[in-house]
2 protein chains.
Amino acid sequence: MAGPPRRRGAELEQAILHAVIDELTEAGYAGLTMDRVAARAGTNKNAIYRRWPNRAALALAAYRELIGADREPPDTGTLRGDVMELLRGANGHLSTPIIGRTVRALLGAAADDPDLMAQLRDSVIDAGSGLWLTVLGRAVARGEVPPEAIHPRVATVAIALLRNEYVTRGTTSVPDDVLVEIVDEVYLPLLRGRHATVVD
Amino acid sequence: MAGPPRRRGAELEQAILHAVIDELTEAGYAGLTMDRVAARAGTNKNAIYRRWPNRAALALAAYRELIGADREPPDTGTLRGDVMELLRGANGHLSTPIIGRTVRALLGAAADDPDLMAQLRDSVIDAGSGLWLTVLGRAVARGEVPPEAIHPRVATVAIALLRNEYVTRGTTSVPDDVLVEIVDEVYLPLLRGRHATVVD
DNA sequence: CAAATAGGGTACGACGCGTACCCTGATAAG
DNA sequence: CTTATCAGGGTACGCGTCGTACCCTATTTG
């Protein structure tokens, strides 16, 4: 009896990660169990523990799998257009049923696991900050904002506020008008006011 | 044999909550177990479950116990002084070994518990926002910033950024120069530039 | 073809949650 | 003062999950 051939290496790894994604979608991080992941992937816990040391690492790996490739910075021609697109992209991203919950839960789990926290920081938090600097650089080149706008803390204010909204509100999705408010009431005024001269 | 008289009601409740605080300090939220809390408080799980439905609710109650009474808004005479004091107060607060970790863990646990999230929002997140509005109101009265500065989203930008720093960095304490940067590079310029009209 | 490796199946110990009982000390009611 | 009521103490237990251990089997490598 041949049956399906036994999966190995990358193929099996993919099957496991997608099982994790499905489980996270249905039951959330709190309801994620190693046994069920193994069952759903049609394998057993051996194969999982051989690859990831614990539940948190497994969930983080699944998260990365889900995120996939890096994004390209948008280029709409105006700073506001680029910024709104970045923010809407991040919001659409975080409002996937799985992502927001998982990220929150992982941040919580990382409270007692510095190693996990470091990985989270790299792959979730800092991953996108280059996009913002790129977009700002173009805006400076166009003369939309003064060069002083390019300052790491200033550049990431918008995404930091969005993230804050997620973490503290516990919502599954942030309404678009909140994004607009962040951009028009906070972010753009801040960038334009970085130098004494303002307003176009 | 008399022994110590049996504790009841509020007295016992205090003993339990302080046992939770000690356990959180030593082992963190992940290491907090009901059995150990009961043992440490010199009681048993009955007395705990009679008061709180689960571990998360217990930890939240301990957190509130630890926070204690509400703070008074500072009044240093300048906006920058008040703002720095609010931010330093919050930072000192969150950098207690227990608080930061516990809040992060609770936010994570709340990912699957809307009820807990609501309570957290009320008692942790929104609790202090009145202070910021008060301080801003005084600054407007002094003519330091335009009245448009009094806008909920704008007013809480500084504390939102601090919180973001905590949640995403996983640090136990945010250095003072980060606070200064938040205030001088972001918050005050934003408030002072509020009069600039916004494009839409 | 043999040896090494990775996967499958399964069982197990440890641990913690939340519940259930029954007993005892303290308080409230008669 | 006596008795009923109730909160607390002590303890045990079922359940679920983690992480590990073993042994067997399929696949790949030499």
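Guide:
**The side of chain B that touches chain A**

In this predicted model, 39 residues of chain B are in contact with 41 residues of chain A. On the side of chain B that touches chain A, at least two residues each come from helix H6 (97-109), helix H7 (114-125), helix H9 (152-155), helix H10 (157-169) and helix H11 (176-192) of chain B. Of these, H10(B) supplies the largest share, eight residues. Sorted by class, this side of chain B consists of 20 nonpolar, eight polar and eleven charged residues.

The surface near DNA strand C may be set beside this. Two or more residues are given by each of helix H1 (9-27) and helix H3 (45-49) of chain A, and by each of helix H2 (34-41) and helix H3 (45-49) of chain B. By class, the surface near DNA strand C has five nonpolar, seven polar and ten charged residues.

Within chain B, helix H2 also packs against helix H1 (residues 9-27), at an angle of about 120° and with the axes 8 Å apart. The angle therefore makes H1(B) oblique to H2(B), and their crossing is right-handed. H1(B) contributes Ala15(B), Ile16(B), Ala19(B), Val20(B), Asp22(B) and Glu23(B) to the contact, while H2(B) contributes Arg36(B), Val37(B), Arg40(B) and Ala41(B). Six of the residues in this contact are nonpolar and four are charged, with no polar residues.

Conventions: Residues numbered from 1 in each chain as written. Chains lettered and ligands numbered in written order. Predicted model: local features only at pLDDT ≥ 70, side-chain atom pairs only at ≥ 80, totals over all residues. Helix = DSSP H or I, 4+ residues; strand = E, 2+ residues; numbered from the N terminus. Nonpolar A, V, L, I, M, F, W, Y, C, P; charged D, E, K, R; others polar. Contact = placed C-beta atoms within 7 Å. Axes fitted to C-alpha atoms, helices over the stretch in contact; angles between N-to-C directions. Parallel < 35°, antiparallel > 145°, perpendicular 65-115°, else oblique. Left-handed = near helix turned anticlockwise from the far one by under 90°.
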